[in-house]
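Open the model in your viewer and turn on side chains. We will go stop by stop.

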Amino acid sequence: VCVAALIAAVVATLGSPLTDVDHVRVTGLERLSEETVLSASGLEIGDQILTADLAVARDGLRDLPMVSGARVVREWPSTIHIDVVEEVPLVLVRSGEVERVVSRSGRVLPDGLGVLGDLPLLEVGGVELIEGEPLAEGPRAAVGVFSRIPDVLRTTLGSASVDGSGGLTSHLADDASVLCGPVEDVPAKIAATDAFLTRVIEDC
């Protein structure tokens, strides 16, 4: 009798408005809309807070091309908190006639971010640029180099290209080039490039 009464109490509680989700709080958004995040999570007002599948919600959020990470937690008594970490646009990658924005993590981001004019250009050959997918290993390593270059130096370099062997060449605005070679010893190469360019008379 006691067990039956307990089961009945649990069932009654789960069906009660007292355990409904009354609020879904979303934080961390800069470029994504709250509507997009809520739709991807699958969470809705009125869901049961005790049985809402937070793992499924996290997986749905991480499938969004602009999301690098997400945290979904219950905040008692009636709120679910979604905290999103967005991908950070870093470089415009061109392969043939196709240009796509790529994040610091090397992931191809959606079109329409409105940041194209502010990003350096990286030219690669014969590489598929698929929204939401990571770049191939060679170009992704080059993007990693860009992520470690100080902002001022990145602006000076302007654009770069990756050859068939994975070598990186940076192109300055005056048609000069910095031959970086293989993507290795990156901190030393960045320091050497910076030290040299600070001593160059750009008007000459």
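Select Arg100. This residue is buried, at 12% relative accessible area (buried is under 20%, exposed over 50%, partly exposed in between, with a 1.4 Å probe and protein chains only). The model is predicted: local features need pLDDT of at least 70, side-chain atom pairs need 80 or more, and totals for chains, interfaces and linings use all residues. Residues are numbered from 1 along each chain as its sequence is written, and side-chain values use heavy atoms, without hydrogens and water.

Strands are DSSP runs of E, at least two residues, and helices are runs of H or I, at least four, numbered from the N terminus. Glu131 is partly exposed, at 41%.

Next, select S4 and S5. Six bridges join these antiparallel strands (pairing takes at least two DSSP bridges). Val91 stands opposite Val102. Two residues separate the strands in a hairpin, and Gly96 in the turn has a positive phi of about 65°.

Which residues are linked in a network of salt bridges? Arg94, Glu99 and Glu123.

Zoom out. The open sheet has six strands, ordered S5-S4-S6-S7-S8-S9, with mixed pairing. Its edge strands are S5 and S9.

Methods:
Salt bridge = Lys/Arg side-chain N within 4 Å of Asp/Glu carboxyl O.
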